[in-house]
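Thank you all for coming; I would like to walk you through one structure this morning. Please have the sequence and the model open while I talk.

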Amino acid sequence: MKFFTTAVALAAVVTAHGDHDHDQEPMEGPHQHLWYNTLPGDGGTQADSVFSGISTFGRLPYHPCLASDAVKYDIAFIGAPFDTATSYRPGARFGPSGIRQGSRRLNLYGGYNVPLEENPFNSWAKVLDCGDIPVTSYDNAWAIKQIEEGHNSILSRKPKTDADKVGPSKKGKTLPRVITLGGDHTITLPLLRSVTREYGPISVIHFDSHLDTWKPKVFGGSPSKQASINHGTYFFHASAEGLLANDSNIHAGIRTTLSGPSDYENDGYCGFEIVEAREIDTIGMHGIIRKIKERVGTEKPVYLSIDIDTLDPAFAPATGTPETGGWSTRELRTIIRGLEGINFVAADIVEVAPAYDTNAEHTTMAAADVLYEVMTLMVKKGPLSGMGAMPQVDAAEREVTEF
């Protein structure tokens, strides 16, 4: 009984003290300093660990750009999950989500690119992940149209930076840059259609182990109009449609077998020069960089298309049509960095098929790291307003070629 009386008295004292202690701050609700960490150096804020949370490319902010134009950007990542025009392994429809997964740790230490001396995550540029273009897997013709229109919707808007300044588009406007996550390589055809709507015929740098300029009757047999458009013929169609700038396009990393020497002749008709993968043994990485820059120049708008099978299967096994004898991840990243100064207006990476990857995510990490280099090049180059308007004669030539 004495114990009970004492306990009641003590409780009363504690209650009375709590009622009168107005300096005590109640512990209620989330405390931001517990959940949001400030990264050191040039970094920003980090909401959670790199191995948790929703996947966007490099943990960039997400905005559904196709559903809303409320947020402006300078560089946008967009996915094109399409793989129903492959000739060997399907699965690249999962490429966009796989690449995002492989990119989680890009900003782990703050995102600063040491060789290029630039932090693409903390710069003048507003960079977003816009999600994916809705793409049907039942109708290739409709899917290709979806990709073109979705991409053009993202590409043709006013950027966040220098929106009202003169730029290199056909209308003299400054536009944002768009990086597309594929998808099999067929997506490059609708992407080029989108890009040329804004810039006219475009110069292309194409990293791949395959030419992808094959005539439809050679690659696939062309039993129908739609079957003629696939991941080995899209550049043939792009050339026929007048999407490519004449004599300023180049392949790099080529090492495929051919139907015969005429495939190379046809490739020349499509406007390409070739850097074979094996040339790295004779002219080295810097020689390859020099050949690419001499071909496309540093004055005009350029489109960059990267097939992950440029890499040897030892470094990127998860791809639709693997070819041995390719470059290492280190070599490809060095070559990409060497393209600094080129006016990239848009880019893609394709043929990442995560189902064939190792459990260490070799291919998706390699794809993400290559795009990290591309993203850094775009940021370091500055807004496209820096190019100014294209010379009027060139614009006229592009209009004539387009039609």
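**The disulfide**

The torsion about the S-S bond of Cys65 and Cys130 is about -60 degrees, so the disulfide is left-handed. Before I go on, please keep in mind that this is a predicted model, in which local features need pLDDT of at least 70 and side-chain atom pairs count only at pLDDT 80 or more, while totals for chains, interfaces and linings use all residues. Residues are numbered from 1 along each chain as its sequence is written, and side-chain values use heavy atoms, with hydrogens and water left out.

The structure holds 1 disulfide, a term used here for a pair of cysteine sulfur atoms within 2.5 Å, and the sulfur atoms of Cys65 and Cys130 are 2.0 Å apart. Cys65 sits in the loop between strand 2 (45–46) and strand 3, and Cys130 in strand 4, so the pair ties together parts that are 65 residues apart in sequence. Helices (H or I, at least four residues) and strands (E, at least two) are DSSP runs, numbered from the N terminus. Both cysteines count as buried, Cys65 at 0% relative accessibility and Cys130 at 3%; buried means under 20% relative accessible area, exposed over 50%, and partly exposed in between, with a 1.4 Å probe and protein chains only.

**The cores**

Which residues have the most contacts inside the largest nonpolar core? They are Ile205 and Phe207, in a core of 50 residues, where a nonpolar core is a set of buried Ala, Val, Leu, Ile, Met, Phe, Trp, Tyr and Cys residues joined through side-chain atoms within 4.5 Å. Helix 10 (residues 362–381) gives the most to this core, with 11 residues. A second, separate core has 39 residues, including Ala76, Val178, Val195 and Ile202. As a general point, nonpolar side chains tend to be buried together in soluble globular proteins.
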